[in-house]
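Subject: Structure handover

Hello,

Please read them with the model open.

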Amino acid sequence: MMSKPQPAWKQPVQQFIAGGSAGLVEVSIMHPLDLVKTRFQIQRGPDDPQRYKSLADCFKTMWRNEGPLSFYKGILPPILAETPKRAVKFFTFERYKNLFSFGSSTPSAMAFTLAGLCSGLTEAVIINPFEVVKVKLQAERIALSQQPSTIHTAREIVRTDGLGLRGLNKGLTSTLGRHGVFNMIYFGFYHNVKNLIPESKDKKVDFLRKFGIGLTAGTLGSCINIPFDVAKSRIQGPQPVPGEIKYRTCFATIATVYKEEGYLALYKGLLPKIMRLGPGGAIMLLVYEHVFDWLHHHW
């Protein structure tokens, strides 16, 4: 007996729900590393009196001065944003993949890559206001109990600087670069390499195959897109001199950081970023595939 075909709307909804679930799981597990990455990226150089000496020093200093809950500063914006953000990420990737396949049932390597790029650009436009609020909260070196709420912080940004490119959409170009480049590599590498490595009948081995490819995809994407990430943190974070805007635009900020602090400054926060988005990238892909498969068979 043939199964009844699914309505046309059901698969996109399943993709949207699976993507949102993947984002929620990933941010809940990996947020402390995102916070540590931001702290490293907004450091100004060797003369910064609050400079962290190492990753371990950052963890110890925050634990001692701000308390254990400080590692979850700024988590509400990503939690509120991650479900729709990752839902959009995976949903738009599937839509762009179909678009760039030009009717073919087997997408090409270029189709995966272009779909990743376009999904990243779409994701960036949606997520940037949440990122502005998150970075402001993460940059404050006070106990979590003393920190203003997420809603209060967002209102203060809008009241002071508005909704435009100096306010709640500050750093949009760098966010476009960060997400566009990351998703292009992340999806392009994962799907193309996964198709080259044969699927194993052993579920544990196949899980490790997918996790390893996802881990590598997330790590490569993190290494290549981090200059955009540093620029984003500098633009959206506190400026060196209060009341004076030093970091305004993406490429000008990258040039300024390179000129004043050297090439390696463009890779600040790379270790915690890899520690987050390497395994985090693998977690997202695996959660997405498992939730989508479950929804496909049970709904």
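The largest pocket has a volume of about 510 Å³. Lining it are 20 residues, and those closest to the centre are K136, D161, K170, G237 and P238. A pocket here is an open set of points on a 1 Å grid over the protein atoms alone, where a 1.4 Å probe fits, with protein on both sides within 12 Å along at least five of seven lines; lining residues have an atom within 4 Å of a point. The volume is the space filled by probe spheres set on the points, which are joined across faces, edges and corners.

This is a predicted model: local features need pLDDT of at least 70, side-chain atom pairs count only at pLDDT 80 or more, and totals for chains, interfaces and linings use all residues. Residues are numbered from 1 along each chain as its sequence is written, and side-chain values use heavy atoms, with hydrogens and water left out.

Helices α4 (109–139), α5 (150–161) and α7 (203–236) each give at least two residues to the lining of the largest pocket, with the largest share, 4 residues, coming from α5. Helices are DSSP runs (H or I, at least four residues), numbered from the N terminus. By class, this lining holds 8 nonpolar, 5 polar and 7 charged residues. Ala, Val, Leu, Ile, Met, Phe, Trp, Tyr, Cys and Pro count as nonpolar, Asp, Glu, Lys and Arg as charged, and the others, Gly among them, as polar.

The second largest pocket contains about 340 Å³ of space. Its lining includes D206, K210, E289 and D293, and α7 and α9 each supply at least two of the lining residues. The classes there are 2 nonpolar, 2 polar and 7 charged.

There are 24 salt bridges, each a side-chain nitrogen of Lys or Arg within 4 Å of a carboxyl oxygen of Asp or Glu. D206, from the second pocket's lining, forms one with R209, the closest N and O atoms being 2.7 Å apart. D206 counts as buried because its relative accessibility is 8%; buried means under 20% relative accessible area, exposed over 50%, and partly exposed in between (1.4 Å probe, protein chains only). R209 is also buried, at 12%.

K246 and E260 meet in another salt bridge (2.6 Å, N to O). That pair links distant parts of the chain, with K246 in the loop between α7 and α8 (250–261) and E260 in helix α8, 14 residues apart. K246 is partly exposed at 35%, and E260 is partly exposed at 48%.

Regards
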